[in-house]
Amino acid sequence: MDVVRRNISLVKGNIKIESKKGYGTKFIIQIPLTVAIVKSLMVFACGRLYLVPIDKVVETFKVKTSNIRTVNNKKIVSWNGEIVPIFSLGEMLGLEAKYDDEHLYTVVVQYRSSKVGIIVNRLLGEQEAVVKPLDKYIGMVEGIMGATILGDGKVVLMLEPVGLIDRIAG
């Protein structure tokens, strides 16, 4: 039990033990949300790595730049028989978005009752990440859930797609 208590305290958690004669013993382990492990999709856009929670991703696909259309100054693409608005992740984050490739990758996310595509340069696969909220350091930033530190020491932002889309839609 001492090993369990020590490991829980390392992540700033708590363990409580409640016993009632004739009823047994209850162990209550509390671990802060700041150590939540989030399964995510790592993407590369505008020279930077980002994470998108997998539970927000509907699908990913490769699109030819020639298949991207502009209607009423909005970019759209046909996906599975649907017309889906698409946005560049770089532009959503206020970065200079350069996409010179013939093919781009689209991360389709659920946005309220519809789907929206987010354009990135590359999809780098799934990864589990321990996400640390940034609000106590930089305040709440719409579209940013927190950050994680990769094994090589790089700090990577965990994005919140609905908040990102709200920033540019609203």
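Of the 20 residues in the largest nonpolar core, those that touch the most other members are Val43, Tyr50, Leu89, Leu93, Val107, Val120 and Leu159. A nonpolar core here is a set of buried Ala, Val, Leu, Ile, Met, Phe, Trp, Tyr and Cys residues joined through side-chain atoms within 4.5 Å. Buried means under 20% relative accessible area, exposed means over 50%, and partly exposed lies in between, with a 1.4 Å probe and protein chains only. Two or more residues of this core come from each of strand 3, strand 4 (48-53), helix 2 (89-92), strand 9, strand 10 and helix 4. Another core, of 10 residues, lies apart from it and includes Phe61, Ile68, Leu104 and Val108. In soluble globular proteins, nonpolar side chains tend to be buried together.

The model is predicted: local features need pLDDT of at least 70, side-chain atom pairs count only at pLDDT 80 or more, and totals for chains, interfaces and linings use all residues. Residues are numbered from 1 along each chain as its sequence is written, and side-chain values use heavy atoms, with hydrogens and water left out.

The protein chain has 4 helices and 13 strands. These are DSSP runs numbered from the N terminus, with helices being H or I of at least four residues and strands being E of at least two. Of the 170 residues of the chain, 33% count as buried. The accessible surface, from the Shrake-Rupley method with a 1.4 Å probe, comes to about 10800 Å², and 52% of it belongs to carbon and sulfur atoms. Among contacts (heavy atoms within 4.5 Å) with a separation of 6 or more, 53% are between residues 24 or more positions apart.

Five strands make an open sheet in the order 11-3-4-13-12, with mixed pairing. Strand 11 and strand 12 (144-149) stand at the edges with a single partner strand each, so one side of each is left without a neighbour in the sheet. On average, neighbouring strands of this sheet are turned by 35° against each other, direction ignored; the axes behind such angles are lines fitted to C-alpha atoms, for helices over the stretch in contact, and angles run from 0 to 180 degrees between N-to-C directions. Two strands count as paired if DSSP finds at least two bridges between them. Strand 12 and strand 13 (residues 155-159) run antiparallel and are joined by 5 bridges. Isoleucine 144 has leucine 159 in strand 13 as its bridge partner, and Leu159 is also one of the core residues that touch the most other members.

Other pairings involve strand 8. Strand 7 (residues 74-79) and strand 8 (residues 82-88) run antiparallel, joined by 4 bridges. The two form a hairpin with 2 residues between them, and asparagine 80 in the turn has a positive phi of about 50°. Tryptophan 79 stands opposite glutamate 82 in strand 8. Strand 8 also runs parallel to strand 10, with 3 bridges between them, and serine 88 has isoleucine 119 in strand 10 as its bridge partner.

The structure holds 4 salt bridges, a salt bridge being a side-chain nitrogen of Lys or Arg within 4 Å of a carboxyl oxygen of Asp or Glu. One of them joins lysine 39 to glutamate 126, with the closest N and O atoms 3.5 Å apart. Lysine 39 lies in strand 3 (residues 37-45) and glutamate 126 in strand 11 (residues 122-130), so this pair ties together parts that are 87 residues apart in sequence. Lysine 39 is partly exposed at 46% relative accessible area, while glutamate 126 is exposed at 54%.

Another salt bridge joins aspartate 166 to arginine 112, where the closest N and O atoms are 2.6 Å apart. Aspartate 166 lies in helix 4 (residues 161-169) and arginine 112 in the loop between strand 9 (103-111) and strand 10 (114-120), so the pair ties together parts that are 54 residues apart in sequence. Aspartate 166 is partly exposed at 22%, and arginine 112 is exposed at 55%. Glutamate 18 and lysine 26 also form a salt bridge, their closest N and O atoms being 3.8 Å apart. Glutamate 18 is partly exposed at 39%, and lysine 26 is partly exposed at 47%.

Glutamine 30 is found in strand 2 (residues 24-30) and is partly exposed at 37% relative accessibility. Its C-alpha atom is separated by 6.2 Å from that of isoleucine 15, which is 15 residues away along the chain. Not counting residues up to four places away in sequence, glutamine 30 touches Ile8, Gly13, Asn14 and Lys16.
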